[in-house]
Amino acid sequence: MDVISVIRTKRDRGELTDEQIDWVIDAYTRGEVADEQMSALAMAILLNGMNRREIARWTAAMIASGERMDFSSLSRPTADKHSTGGVGDKITLPLAPLVAACGAAVPQLSGRGLGHTGGTLDKLESIPGWRALLSNEEMLSVLDGTGAVICAAGDGLAPADKKLYALRDVTGTVEAIPLIASSIMSKKIAEGTGSLVLDVKVGSGAFMKTIEDARELASTMVGLGTDHGVKTVALLTDMSTPLGLTAGNALEVRESVEVLAGGGPADVVELTVALAREMLDAAGIRDADPAKALADGSAMDVWRRMIAAQGGDPDAQLPVAREQHVVKAPSSGVLTRLDAYDIGVAAWRLGAGRARKEDPVQAGAGIEMHAKPGDTVTEGQPLLTLHTDTPDRFEYALQSLEGSFDIGSGADFTATPVVLER
Ligand code: URA
């Protein structure tokens, strides 16, 4: 087999055979196919697409590139969730302990921030002492002991995706439905969860900007999961505006702890409880009430044990950025729009995200929002507080906030639901 003929097949809108797919994924993982050849193929896939058979085979080949985990020794059913990425999306933090408090085991292999979207591991690393990197044995032991674990995927899990994802990130080939679906599902299937709830984000702050694209991505992923024996459901959820009132690592941990303490912003609570219900249902647990487990402190108990089991101090002071800058409301009225993408880019520029893979993130950097779409604001009141350790970043962040919100009479404002479709 030679890579040029595989690239030419897709470049000329042909269908890749099973043999071509198996070979190219294996050869790329082993380093026989070069990055520049794989990026040409990824671009051809982005431009010309793949049919369901090709996507299924591509996903199976990525799973086969590494090891598979096995949770069959656990006494509880496993349930996992995956978000396609958004701004202020801290849901995994309260959700994993909540679902564990309701009786499921939650093996939550998570990622780092990508572009303007935040990453669960970066958020949790703002807790002093907390470790994202666990061996497979440590991961099983935390999961068995507390019911939930949030950690980085080991190097052995879907290594083809690790290489390919990093390559896509720098070659403009992230936003391809076949590549996103196979990337997410290869990791989740290799991880060995029994059931999976997908939170497919739609809107300016998401990779899928339209409901039609989000539907196609969701149905492709549900099909892949189902074919591999993983009970999979998907919710399409709004990402036109950030989730909650914070975007940034330590800021989002603080907000998640508020949710676990029975408070927190209504949209974060609503989505956390909706996803928890789906996960419990998929895991066959029908007699638990996630809203009650948030209110009575049992989810908080699991959170504290889970953080401590990974070396973190759940009582430690979270880092606070050295400098703040307040953006005030320029007029009075109703906040009718607050754009998720612009807020995500500004938080990223303040230091909450990285420009290159190897960059460190600032734990305290990010944005606090003092109003959500639909809220009434008064001229001169604080609308956003920007946080960073490096004040020379304020100007750059403020540029991306130009045009990021509208204030009007509110006469034509209609609130967008958090959950758009199931
Ligand atoms: N998350 C992933 O893991 N992969 C993608 O391609 C996009 C989001």
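Helices here are DSSP runs of H or I with at least four residues, strands are DSSP runs of E with at least two, and both are numbered from the N terminus. With that settled, hello everyone.

A word on the model itself. It is predicted, so to speak of local features we need pLDDT of at least 70, side-chain atom pairs count only at pLDDT 80 or more, and totals for chains, interfaces and linings use all residues. Residues are numbered from 1 along each chain, as its sequence is written.

Let me start with M306, which sits in helix α14, residues 298-309. Is M306 buried or exposed? It counts as buried, because it has 27 C-beta neighbours inside 10 Å. The cut-offs are these: 20 or more other C-beta atoms within 10 Å of a residue's own means buried, 12 or fewer means exposed, in between is partly exposed, and C-beta atoms are placed from the backbone. Leaving aside neighbours within four places in sequence, M306 is in contact with P97, V142, T146, A148 and V149. Contact, throughout this talk, means C-beta atoms, placed from the backbone, within 7 Å of each other. From M306 to A355 it is 49 residues in sequence and 30 Å in space, C-alpha to C-alpha.

Now the ligand. Which residues surround the ligand? They are T84, G85, Y165, L179, I180, S183 and I184. A residue qualifies as near if its C-beta atom, placed from the backbone, lies within 6 Å of the molecule. Helix α9, residues 177-191, gives the largest share of this shell, with 4 residues. Sorted by class, the shell has 4 nonpolar residues, 3 polar ones and no charged ones. For those classes, Ala, Val, Leu, Ile, Met, Phe, Trp, Tyr, Cys and Pro are nonpolar, Asp, Glu, Lys and Arg are charged, and the others, Gly among them, are polar.

On to the interior. In soluble globular proteins, nonpolar side chains tend to be buried together. Here, the largest nonpolar core has 135 residues, and those with the most contacts inside it are V99, A104, V200, M221 and M279. Helix α15, residues 340-352, supplies the largest share of this core, 9 residues. A nonpolar core is a set of buried Ala, Val, Leu, Ile, Met, Phe, Trp, Tyr and Cys residues, joined through C-beta atoms within 7 Å. If you click on M279, and ignore neighbours within four places in sequence, you will find it in contact with A79, K81, V99, A104, S195 and V197.

Next, two helix pairs. Axes are lines fitted to C-alpha atoms, for helices over the stretch in contact, and angles between N-to-C directions run from 0 to 180 degrees. Under 35 degrees is roughly parallel, over 145 roughly antiparallel, 65 to 115 roughly perpendicular, and the rest oblique.

Helix α15 packs with helix α16, residues 393-401, at an angle of about 170°, the axes being 8 Å apart. So α15 is roughly antiparallel to α16. On the α15 side we have D342, V345, A346, R349, L350 and G351, meeting R393, Y396, A397, S400 and L401 of α16. That contact has 6 nonpolar, 2 polar and 3 charged residues.

The other pair is helix α2, residues 18-30, and helix α8, residues 159-169, with an angle of about 80° and axes 9 Å apart. So α2 is roughly perpendicular to α8. I25, Y28 and T29 of α2 make the contact with P159, A160 and K163 of α8. By class, that is 4 nonpolar, 1 polar and 1 charged.

A few backbone details, since I know you like torsions. Most residues other than glycine have a negative phi, and most peptide bonds are trans. R13, however, has phi near 65°, a positive value in a residue other than glycine. R13 is in the loop between α1 (3-11) and α2, and counts as exposed because it has 10 C-beta neighbours inside 10 Å. A158 is not a glycine either, and has a positive phi of about 45°. Its place is the loop between β3 (148-152) and α8. A158 is buried, with 30 other C-beta atoms within 10 Å.

A321 counts as buried, with 23 C-beta neighbours inside 10 Å. Residues up to four places away in sequence aside, A321 touches Q362, G364, A365, H387, T388 and D389.

Technical notes: Two residues are in contact if their C-beta atoms, placed from the backbone, lie within 7 Å.
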